[in-house]
Amino acid sequence: MSQESELPVLSALSYMTLIIFVLVVIPCVHPFVVRIRHLTIHINHATAPLIGSVILLATTALSFEDVWTGIVGDQRLKPYSVVLLVFALTFICMDLEVANFFRFVAFQVARSAWKTKANSKSSNNPRLRLFVYLYFFSALLTVIASNDAVVISVTPIICYIAETVKIDPNPYLMSMFFVINIASMTLYIGNPTNLIIAQAYSLSFLGYAAWMVLPTVAGVLVCFLASLLVFRNHLFSVPPGVAVDISGPIPSTFLVKDLPSALISTSALLLSCAAFFVVPLLIPTLEPWIIVMPFAGVVVVKDIIMDISGWTKRRYRAANGAEEPTAKLTASSEEVTDETLIAEVPAKPVPADEDNEKRISSEIISSSARSDSEPAAALTLNDGDTHKDSSGHAILQIEDDSQENLMSESADLGDLQTYPPKTFIGHIESALSKTANAFPILTAVLSRQPWTLIPFALGMFIQAEAISRRGWTARLSIALWSLAKVGVPPWGAVFFIAILSTLASNALNNLPMTIVFAKALLDKAEADSTVSRAALYGLVIGSNLGANVTFVGSLAGVIFTSLVNVAASKGQVVKEIKMGSFVRWCGIVTPWVLASVCTVMAAELIVIGP
C-alpha cells in the first residue's frame, strides 16, 4: 500500500507518452516509408525515436532537461558512454573487416573443414565437419569481437561455400546465428545490451564475466546438440560423390588486403580485451569506454598514416600489377550485399596520374564499404560490361540513379561527373569525394560504423526517461518485482525475468527492451541481493537470447536476413529464410538453451550466493 501511495499520479500526458513510446517502437521493428509528393521519409529505428522525442518536446510531455538526462544519464546509467564504447570497439573490428581479416580466417576454417582427408574417418562426412568447425569458430570469434561483426563476416562465407559445393546452407547459417547470440553473453563487450546492464548495475568486466562464463558454455553446448537434432537429416546424410573440396586459389574477396594493417588492428583488439581484465583492478572507477579508446585511437592513427603515406595505394597497385581492376558499381537501397571483385586487363596500362589515383581510392573504398545496419552498395562484375573512357581505360559505371545513397557509402563519384557542382550540396559532395580519395581506408572503416545506432540508442534512452518521469517505470518495477517473487525462491527470478525479457525483445527489439527493463529493475531494487542479482542476469540472458526467436528480436537478425536474402537473389542454392521456418527452428532450439542457461545461473546463485 505504501508503494502505491509513492507512485506518481498518471495524467493525460502520461498516457500520451506511453502511446508515443509504443508508436516509436513499431517502426523500429517494422520500418516503413512515407512519401509526400517528391519527399520520401524513412521511418525506421534511426528516425522514429528522434521524431517521437520532438513530439514529446512540442507537447511539453518532455522537457529539455529530461532530454539532457536521457543522453548524459545519472550515476548508474550513462547512455553516452555506452555509445562511445560500442563505437570504439566497432571501429577496431570494422578495420579488421575492411582488411578482410575475419573473412580470410573464416574462409580458411571452412575450407579446411570441407577438404577431404585421405586417412580420416570423418572424411566421409564433410558436412558434419564443416558444421562443427563453423559453429565453434563463430562462438570463439563472437567472444573477442561482437555478434554483429561475426554476422557480417561469416554469413557471406557460408553462402559462398554452399553455392560452391551445392549444399543446403540453412543448417550452417542458423546454427551460426544461434551460437553468436549465446556466445555474446560471455563478456559485456559482446552485445550493446550487456553494456547497458553492466553499467546500470556497476558491474566490472571481471565481475560480469565470472558469472556469465559457465551459463554461456552450457548454452553453447546445448545449442550444438539441439542444432544437430534439428538438422540431422542434412548433416548425417552422405550422398555419393561427396568428396568435393574447395581447393585452388582463395577468391579475391576473401584474401587479406593488408596484412601489416590487419596485424596492428588484431593486436589492438586483443590488448583492449586484456585491458578490460587488468585496468579495473588498478583503477576501479575508470569507465570502460576510456579503457578501450586509446586502442581505437592507435588504429585511427595507423589508418591515417597509411593513407597519407600512400601505403595502401602502393600495395593495391602492386597486388594488381599496375593494372586497374574493372568493376561495375550497383547500388541498392533495399539490400545489404556482399561484394565480388574480378580483375580485368584494360586496353593498355593505366598511368599513375591523378585520375588513376582517384580510381584506386574509389576501388579501395567501394570494395570494402558496407554498413552494419544500413543498406550498402554491391560491387559486381559482369563479362562484357566494361566501359572505357576516351583513352581506352576501364572506368566504373553507376547503374543506379540514387547517387546520394552511393555518396553516403563513400563511393567516389567525383571522377564520374562531367560538370562542376553547382549547388551547395554539390560542393559538399565534392569535398567529401576529395576527402575519400585522400583517406580511402579511414573512409571505408568510417562508412561501416553503425551510425544509425546513435539516434536509435540515444533516442530510446530519451523515450525511456520520458516514461520514467511520467510514472510508468515505477509501475513496471512494482509489477516485475511482485511477479518475480510469486511462489518461487529468490533465485527463481532468473527464470521469470529471462523468459519475460526474451519475449519482450521480440515485441520491442532487444535494445529498447533492455533500456526500459534496466531502469524498471533499478527503480525499486529489492533489498534481497539474491533476487536482484537473479533478475539482473535474467535480463542479460533474455536480451541476448531474444534474438533467437524472430527476425525482429535484434538488429543482428535484420542484418543476417538481409545478407541471406541478397545471396539468395544471386545464387541457385541459397534460398531466402522465411519467418515461419526461422521461428520453427528457433522454437525447437531456444527453449532448451534458455532452460539450460537459466539452470546453470540459478545453480551459481545457490552455490556461490549473492
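Trainee: Start me off. How many helices and strands are there in the protein?
Mentor: The secondary structure comes to 26 helices and seven strands. Keep in mind that the model is predicted.

Trainee: And what share of the residues is buried?
Mentor: Buried residues make up 55% of the 610 in the protein.

Trainee: What about contacts between residues at least 6 apart in sequence: what share joins residues at least 24 apart?
Mentor: That share is 81%.

Trainee: Helix pairs next. At what angle do α2 and α3 cross?
Mentor: Roughly 165°. The axes of α2 (residues 12-29) and α3 (residues 48-58) come within 9 Å. That makes α2 roughly antiparallel to α3, since angles over 145 degrees count that way.

Trainee: Is the crossing of α2 and α3 left-handed or right-handed?
Mentor: Right-handed.

Trainee: Which residues in α2 and α3 meet?
Mentor: From α2, Thr 17, Ile 20, Val 24, Pro 27 and Cys 28. They meet Ala 48, Pro 49, Gly 52, Ile 55 and Leu 56 in α3. The residues of this contact of α2 with α3 divide into eight nonpolar, two polar and no charged.

Trainee: Now α7 and α11. How do their axes cross?
Mentor: At roughly 155°, with the axes coming within 12 Å. Here α7 covers residues 126-144 and α11 covers residues 205-230. The two helices are therefore roughly antiparallel to each other. Their crossing is right-handed.

Trainee: What meets what in α7 and α11?
Mentor: Leu 128, Phe 131, Val 132, Tyr 135 and Phe 136 are the α7 side. On the α11 side you have Val 220, Cys 223, Phe 224, Ser 227 and Leu 228. Sorted by type, the contact of α7 with α11 has nine nonpolar residues, one polar and no charged.

Trainee: Switching to α9. How many of its residues are buried?
Mentor: 14 of its 14 residues, so α9 is mostly covered.

Trainee: What span should α9 have, and how far apart are its end C-alpha atoms?
Mentor: At 1.5 Å a residue, the 14 residues of α9 (residues 170-183) should span 20 Å. The end C-alpha atoms are 20 Å apart, which agrees.

Trainee: Is Arg 37 buried or exposed?
Mentor: Exposed, with a relative accessible area of 83%.

Trainee: And Asn 100: where does it lie?
Mentor: In the loop between α5 (79-98) and α6 (101-114). Asn 100 has a positive phi of about 70° and is not a glycine. With a relative accessible area of 2%, Asn 100 is buried.

Trainee: Where is Ser 554?
Mentor: In the loop between α24 (529-545) and α25 (555-570). Ser 554 counts as buried, at 4% relative accessibility.

Trainee: Which residues does Ser 554 touch, not counting those up to four places away in sequence?
Mentor: Asn 509, Asn 510 and Ala 547.

Trainee: Last one. Where is Thr 193?
Mentor: In helix α10 (residues 192-200). Thr 193 counts as buried at 1% relative accessibility. Leaving aside neighbours within four places in sequence, Thr 193 contacts Asn 510, Leu 511, Thr 514, Ser 543 and Asn 544.

Trainee: How far apart are Thr 193 and Val 82 in space?
Mentor: 9.2 Å, C-alpha to C-alpha. In sequence, Thr 193 and Val 82 are 111 residues apart.

How values were computed:
Residues are numbered from 1 along each chain as its sequence is written. This is a predicted model: local features need pLDDT of at least 70, side-chain atom pairs count only at pLDDT 80 or more; totals for chains, interfaces and linings use all residues. Side-chain values use heavy atoms; hydrogens and water are left out. Axes are lines fitted to C-alpha atoms, for helices over the stretch in contact, and angles run from 0 to 180 degrees between N-to-C directions. Helices (H or I, at least four residues) and strands (E, at least two) are DSSP runs, numbered from the N terminus. Angles under 35 degrees count as roughly parallel, over 145 as roughly antiparallel, 65 to 115 as roughly perpendicular and the rest as oblique. A crossing is left-handed if the near helix is turned anticlockwise from the far one by less than a right angle, and right-handed if clockwise. Contact means heavy atoms within 4.5 Å. Ala, Val, Leu, Ile, Met, Phe, Trp, Tyr, Cys and Pro count as nonpolar, Asp, Glu, Lys and Arg as charged, and the others, Gly among them, as polar. The expected span of a helix is 1.5 Å times one less than its number of residues. Buried means under 20% relative accessible area, exposed over 50%, partly exposed in between (1.4 Å probe, protein chains only).
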